[in-house]
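I opened my notebook for a first walk through this model. Here is what I looked up, entry by entry, for anyone who is new to it.

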Amino acid sequence: MKKKEKILISVEKSLLDSKREVSLKINKKLRSRNIKSFDVMGSVGAGKTTLIKRIVESLNNRVGVIAADLTTTIDKERIEESGAKVVQINTVKMCHLDGNLILENLENFKDVDVLLIENVGNLICPAEFPLGCDKRIVVISVTEGPYTVKKHPYTIIGVDVVVNKIDLAQRMEVFPEELKKDVLMINPKAKVFLTNAKNGDGVDELVSYLMG
Ligand code: MG
Ligand code: ZN
């Protein structure tokens, strides 16, 4: 191996180690406070915010939410309607959250039972940045077309999946059961939930799995 390659590999490895270290630190802190935590990923328009609102509404627990967005506070305001304590992180030009941003904000969530993180709308790089949550959930909407799971295999590894907007499936000619099959092909351990976050269909099942 050339010297340059060796250096590159070791830089990459140490980056990976530091991400993992931060993520472990976050999880340890949350667990020590008895807080269950979930990182919600998915494309822009998949329905992350609506789903989070539904989850908050169906819980009898004190819920905190970190809402990440590039510049606006639209999602923060929407989620606050559900009664959760919401902290906004504006990432400006950054297309994902990283663990350090979460770590910095944990002091805002001392008195909650559940912490939900709405990641930046993006199906690609958030996967590479673990945020120390108990579970990672990827929300996929049938409106993203039939190939969205197949095209993002790295995002499907190590997560559970919500196929959302199933009320539009027929119209979109995208079949939730097919998306589910695609998920299980990549990640046989994944739990897959079919929801319509708008009217709440399927959300109870998801919530009992998360809280179980
Ligand atoms: Mg949103
Ligand atoms: Zn990114």
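**Entry 1: a helix residue to start with**

I began at Val-207, which I found in helix 9 (residues 203-211). Helices here are DSSP runs of H or I with at least four residues, strands are runs of E with at least two, and both are numbered from the N terminus. Val-207 is buried, because its relative accessible area is 9%. For that word I used these cut-offs: buried is under 20% relative accessible area, exposed is over 50%, and partly exposed is in between, with a 1.4 Å probe and protein chains only. Leaving aside neighbours within four places in sequence, I saw Val-207 in contact with Ile-55, Ser-58 and Leu-59. Contact means heavy atoms within 4.5 Å. I also looked up Val-207 and Asn-27, which are 180 residues apart along the chain, and their C-alpha atoms are separated by 20 Å.

**Entry 2: ground rules**

I noted that this is a predicted model, where local features need pLDDT of at least 70 and side-chain atom pairs count only at pLDDT 80 or more, while totals for chains, interfaces and linings use all residues. Residues are numbered from 1 along each chain as its sequence is written, chains are lettered from A and ligands numbered from 1 in the order in which they are written, and side-chain values use heavy atoms, with hydrogens and water left out.

**Entry 3: the whole protein**

I counted nine helices and seven strands in the protein. What does the radius of gyration say about the protein? The protein has 17 Å, which agrees with a compact globule of 212 residues, because such a globule would be near 17 Å. The radius is taken over C-alpha atoms, and the globule rule is 2.2 Å times the number of residues to the power 0.38. Along the principal axes, the C-alpha atoms fill a box of roughly 55 × 40 × 35 Å. I found that 47% of the 212 residues count as buried. Among contacts between residues at least 6 apart in sequence, 69% join residues at least 24 apart.

**Entry 4: the magnesium ion**

Which protein atoms are donors of the magnesium ion (ligand 1)? They are Thr-49 (OG1), Asp-75 (OD) and Glu-118 (OE), lying 2.1 Å from the ion. Donors are N, O and S atoms within 2.8 Å of the metal (3.2 Å for Na, K and Ca); water is not among the atoms, so sites may look incomplete. Along the chain, the magnesium donors follow the spacing T-x25-D-x42-E. Thr-49 in helix 2 (residues 48-58) and Glu-118 in strand 4 are 69 residues apart, and the pair links distant parts of the chain.

Thr-49 counts as buried because its relative accessibility is 5%, and Glu-118 counts as buried because its value is 2%. Asp-75, placed in helix 3 (residues 74-80), counts as buried at 11% relative accessibility. Beyond its neighbours within four places in sequence, Asp-75 is in contact with Thr-49, Asp-69 and Glu-118.

His-96 sits in the loop between strand 3 (85-90) and helix 4 (99-105), and Cys-125 in the loop between strand 4 (114-118) and strand 5 (135-141); the pair is 29 residues apart and links distant parts of the chain. Are these two buried or exposed? His-96 is buried, and so is Cys-125.

**Entry 5: two positive phi values**

Most residues other than glycine have a negative phi. I noted Asn-34, with a positive phi near 65 degrees, in the loop between helix 1 (3-32) and strand 1 (36-42). Asn-34 is exposed because its relative accessible area is 67%. Lys-165 also has a positive phi, near 60 degrees, and lies in the loop between strand 6 (160-164) and helix 7 (169-172). Lys-165 counts as partly exposed, at 24% relative accessibility.

I finished at Ala-169 in helix 7, which is buried with a relative accessible area of 6%. Not counting residues up to four places away in sequence, Ala-169 touches Val-142, Val-174 and Pro-176. The C-alpha atoms of Ala-169 and Val-142, 27 residues apart along the chain, are separated by 5.8 Å.
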